[in-house]
Amino acid sequence: MNILKYLQIACSCLIGAAHAQSPIAKDTIEYRAQVWVDKTDLERYGGEEDFKKNLKKMFHNTTRFWNESPNKFSHYFRFVPAEELYVYDIQGDKNKYDEFKNKAYGPLDLSKYDFVLFLALGAKNEGLSCGGGGASGQSVVMCYIRELHNIFTDALYPNQGTYSNLGHEYGHMRGATDLYQYMIAAEDNPVSHEKLTPPKCNMGTGYRVWSDYCSALFNYTAKMKPLDKDLSDQVFPRKLVIKVEKNGKAKSNYTVNFYGTRAGGKYNKRDVYPKVYRTYQTDKKGKVELTNLYKLYHPDMTDPNIPPKEPQDLFPYSYWFSFLVEVIDDAAQKKYVWLPDVELQRQHLETGKDVCEIKVEF
C-alpha cells in the first residue's frame, strides 16, 4: 500500500504544488550558526580568512539546496555562519573532539546565534548528526570528517556533498525526523504483508525534494528560535477519530487493533511488531476516539505490549513511528490502514484543525 493512499482524513485540504521561489517573493527567515572549528584543522584549511570565505560559500549552497528543492514553503530559509568563529584546540589529540563537542551544548547567546555547527575536520571516523538539548535550548549539528576529506570541495552544486548533508541535518534542527525510519518492507510486516513507502524527501528518502510533511513543519517552526520545548506534542492534533462504515452505515462493536512499527536496531529490522499494542471497539456511531496522541506514539516503558529493552533492546528509540490499524468486522473480515505520526502531523499543521478523522469502509 503506497503511503500516499493510506489515509482518508476529513481534515485534509488541497494545496497546489509549489516550487521554491526567490526571497523577493517571500519573507526571509535566517538561521545563524555559531561555527566551532579546531585550531589545527583551521590552519590545514588555509587559515581563518580562506576558511571563512569558503564557509560562506558552503552555507550559501546549503541555502540553495533547501529552497531549490521542490517544496511548499511559505518562507525563504537562509542559513548563515556568524562572522566570528569559535576556535577550540584539541592539541593534536583526536580523542578530544568529543570533549569540545559536549561543550558546544553549553550556554549560547541567542541574540547572536540560533544553533551551533560543530566541525571536527580531522576525526577518526566520519558522520553527521544533530542533537537537541543545548543549555539555551539550541540544537547542535555535528560534522565529523576525516582529515583527507575536504568539506568545501567534495561536491559541486547540485551534486550531493557536505553542504547538502548539512541541509539534511538542518532539517533535524528545524524539528524534522528521518523518514527512512518509516520504510517497512512487505516481508517485515507479518500482520498484513504490505509495504509502507514514505514520500521522497531530503530527510532520508530522496534527494533535492521536500515532503509535504517537512514543508508544513518548517513553515510552522519558521520563527521558533530555538524550537519550543513542547513542539513534539504541539504538532499532533488533539483528537483522532476512526470511523468504520459498511455499505454506508456506521458499524458498532467492530474490533480496532493497533500494531506499532519500530525503527531498525541491532536486534531487529524496521518492521511491524507482531503483538497488538492497543485494542478498541467502535461505539454506536461506529467510532473510536483517541486523545493524547503524543503519548500514543511515545509509550512509557511500563506500558503493556511494548517490545522489551532487556536483555536485548528490541525497541530502538522507544517510539512507534507508525501504526498499522487493523479493523475486524463481525464476519472476521479485516481491513488495514497505515497511520504514521508524520501524516497526522502534516494534516494538523496544514489545516490547523485539532480533530482528524479516518474513515474505514468495508
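Here are some questions and answers about the predicted model shown above.

Q: How are residues numbered, and which pLDDT limits apply in this predicted model?
A: Residues are numbered from 1 along each chain as its sequence is written, and side-chain values use heavy atoms, with hydrogens and water left out. In this predicted model, totals for chains, interfaces and linings use all residues, whereas local features need pLDDT of at least 70 and side-chain atom pairs count only at pLDDT 80 or more.

Q: How many helices and strands are in the protein?
A: Helices here are DSSP runs of H or I with at least four residues, strands are runs of E with at least two, and both are numbered from the N terminus. Counted that way, the protein has eight helices and 15 strands.

Q: What percentage of the 362 residues is buried?
A: Buried means under 20% relative accessible area, exposed means over 50%, and partly exposed lies in between (1.4 Å probe, protein chains only). Of the 362 residues in the protein, the buried ones make up 50%.

Q: Among contacts between residues at least 6 apart in sequence, what percentage joins residues at least 24 apart?
A: A contact means heavy atoms within 4.5 Å. Among the contacts in the protein between residues at least 6 apart, the share joining residues at least 24 apart is 72%.

Q: What distance separates the end C-alpha atoms of helix α2?
A: The expected span of a helix is 1.5 Å times one less than its number of residues. Helix α2 covers residues 48-68, so its 21 residues should span 30 Å; this agrees with the distance between its end C-alpha atoms, 30 Å.

Q: Which elements do the buried residues of α2 pack against?
A: The buried residues of α2 include Phe51, Leu55, Phe59, Thr62 and Trp66. An α-helix has 3.6 residues a turn, so residues three or four places apart point the same way. The buried residues of α2 pack against β1, α1, β2, β4, α4 and α5.

Q: How many of the 10 residues of α5 are buried?
A: Among the buried residues of α5 are Tyr213, Cys214, Ser215 and Phe218. They belong to a helix that is mostly covered, and the number buried is eight.

Q: Which residues is Ser215 in contact with, leaving aside its neighbours within four places in sequence?
A: Ser215 is found in helix α5 and counts as buried at 1% relative accessibility. Its contacts are Asn71, Lys72, Phe73 and Trp210.

Q: Where is Pro311, which a cis peptide bond joins to Glu310?
A: Most peptide bonds are trans. The cis bond between Glu310 and Pro311 has an omega of about 0°, and another cis bond, with omega about 10°, joins Tyr157 and Pro158. Pro311 is found in the loop between α7 and β13.

Q: Is Ala332 buried or exposed?
A: Most residues other than glycine have a negative phi. Ala332 has a positive phi near 70° and sits in the loop between β13 and β14. With a relative accessible area of 55%, Ala332 is exposed.

Q: What distance separates the C-alpha atoms of Gly131 and Val141?
A: Gly131 is in strand β5 and is buried, with a relative accessible area of 13%. Gly131 touches residues including Tyr105, Gln138 and Val140. Gly131 and Val141 are 10 residues apart along the chain, and their C-alpha atoms are separated by 6.5 Å.
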